[in-house]
Amino acid sequence: MNKKLLLSIVSVLLVITIAGWIYFFLTKNKNLEQPTTLPSPSPVVSFNIPPQKTQEPRFEQLSADWAVKPAIASTSVIFFNRTKGVLKNISLVLNTKQETNLSDTIFDNINTIVWSPNKKMVAFLFTQYDQERISVFDLLQSIQYTLPRYFKNPVWSVDSKRLAVYHDDPLKNEHFISIIQPDGSKEQKLVSMVLPNPTILWQTQDTIVFYQKPAPQTAIANIFQYNLKTKSLSSLPLAISGAPDQTFFGFDMLPSPKNDFWFFSFTDKNGGGLMTYINQGNTIIEPPMKTLVQKCVWSDSGENIYCAYSNALANASNLPFDYWKGRISSSDSFARFNVKTGEFKIYAENTGYDAIDLAISPDESFLVFVNRKDLSLYKMKL
């Protein structure tokens, strides 16, 4: 064979071999560099209705009497029985549902109650001579303190040792947020401000948040935050793209136990277009249900929020006022939303219950609520 031809053939084969190896490595590297598809961070992840795995009814009535503000303490459900005027305890050990009195003291004309975080004390809001007053009851010592008439809107500190109140005395022109002992003594004035009916939230041991409760066709002006350590007052900004003209009517909020997330609801000027959001710092999450703050509860971990919601609320007007006045009734669905994963789990739909005052068990195996249609106490297995 011609030496020149042989060199040409060898050269061609060498080029083909090199090209093949180059193609192999390029293809291999290209496959290795393909990005992994990650789940979307959107809050709406899935709608999952779990199958019924037990013959036990999901809903169970715990008390047919008029129940107020149920709470869960260890293996018991505690609440104020307004029908009988006593604080009640229902034991759930071995599903016995044994009902006993927490105290033999009878309380009259009670509007609502506020449990201390440790469930050892309770603040009663009662009516006396057409004026709402506050009394504090110590369950361990069975002692009751009636506070001065100018104290309003009590909230417990995180450690259950003090109360934040609104000191409102028109006769002396005194209007300020203050801290008091459970017996009303040792008042510490924090900040002067005229707020006819403020909502006060003691969020952390050193932080108190307050704002004006909703009024018809009145937008919220500010959310105030007071730092007990630095004794400084600041205003918390609200900026949400879904809010028309950045105005918030019917505003209310529910902070998580660890203060990581805030769940809040608001409407347009006419009380329609109900919107619900969850925020963490500058991050805004829109959960896949629209409801009022009063129909939700955070888990102890602050990761899950459980809510009752319905189309009747989502499509209503003049919220939340018509709902508070009983002009709107709801046939609720019940769901859980995980603020970290976006998981949305529906437990029951269009149940016929109108749930308020929800409380969740520490292990999140059940929740309790008051059915506003008959004011009785129910348990829902999760």
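What percentage of the 382 residues of the protein count as buried? The share is 46%. Buried means under 20% relative accessible area, exposed means over 50%, and partly exposed lies in between, with a 1.4 Å probe and protein chains only.

## The model

This is a predicted model: local features need pLDDT of at least 70, side-chain atom pairs count only at pLDDT 80 or more, and totals for chains, interfaces and linings use all residues. Residues are numbered from 1 along each chain as its sequence is written, and side-chain values use heavy atoms, with hydrogens and water left out.

## Overall build

The protein has three helices and 29 strands. Both are DSSP runs numbered from the N terminus: helices are H or I with at least four residues, strands are E with at least two. Contact means heavy atoms within 4.5 Å. Take the contacts between residues at least 6 apart in sequence: 44% of them join residues at least 24 apart.

The protein exposes about 20,000 Å². Carbon and sulfur atoms supply 53% of that area. Accessible areas come from the Shrake-Rupley method with a 1.4 Å probe; for residues, only the protein chains shown count as cover.

## The disulfide

How many disulfides does a search of the whole structure find? It finds one. A disulfide is a covalent bond between the sulfur atoms of two cysteines. Here the test is a pair of cysteine sulfur atoms within 2.5 Å. Cys296 and Cys307 form the bond, with their sulfur atoms 2.0 Å apart.

Cys296 lies in strand S23 (residues 296-298) and Cys307 in strand S24 (residues 304-309), so the pair ties together parts that are eleven residues apart in sequence. The torsion about the S-S bond of Cys296 and Cys307 is about 115°, so this disulfide is right-handed. Cys296 counts as buried at 7% relative accessibility. Cys307 is buried too, at 2%.

## Aromatic pairs

A pair of aromatic rings is described by the distance of the centres and the angle of the planes. Rings of Phe, Tyr and Trp (its six-membered ring) pair if their centres lie within 6.5 Å; planes under 30 degrees apart count as stacked, over 60 as edge-to-face and the rest as tilted. By this rule there are 23 aromatic pairs. Why is the pair of Phe80 and Phe107 edge-to-face? The ring centres of Phe80 and Phe107 are 6.4 Å apart and the planes stand at 70°, so the pair is edge-to-face. This pair links distant parts of the chain, 27 residues apart. Phe80 sits in strand S4 (residues 76-81), and Phe107 in the loop between strand S6 (98-101) and strand S7 (110-115). Both Phe80 and Phe107 are buried.

Phe107 also pairs with Phe124. That pair is stacked: 4.1 Å centre to centre, with 20° between the planes. Phe107 lies in the loop between S6 and S7 and Phe124 in strand S8 (residues 121-128), so the pair ties together parts that are 17 residues apart in sequence. Phe107 has 6% relative accessibility, and Phe124 has 0%.

Which residues form one aromatic cluster? They are Tyr211, Phe248, Phe251, Phe264, Phe266 and Tyr277. Tyr211 also touches Thr199. Thr199 lies in strand S15 (residues 198-204) and is buried, with a relative accessible area of 13%.

A charge sits over a ring if NZ of Lys or CZ of Arg is within 6 Å of the ring centre and within 35 degrees of the ring normal. Lys189 lies over the face of Phe176, at 4.9 Å from the ring centre. Arg372 lies over the face of Tyr323, at 3.6 Å from the ring centre.

Is Arg336 buried or exposed? Arg336 is buried, with a relative accessible area of 14%. Its place is in strand S25 (residues 333-338). A polar contact of 3.0 Å joins the side chains of Arg336 and Glu343. Such a contact is a pair of N or O atoms within 3.5 Å; within protein, one must be able to donate a hydrogen and the other to accept it, and residues adjacent in sequence count only if both atoms are side-chain atoms.

Ala348 lies in strand S26 (residues 344-348). Ala348 is buried, at 12% relative accessible area. Leaving aside neighbours within four places in sequence, Ala348 is in contact with Arg58, Phe59, Ser333, Phe334 and Met380. Ala348 and Phe59 are 289 residues apart along the chain, yet their C-alpha atoms are separated by 9.8 Å.
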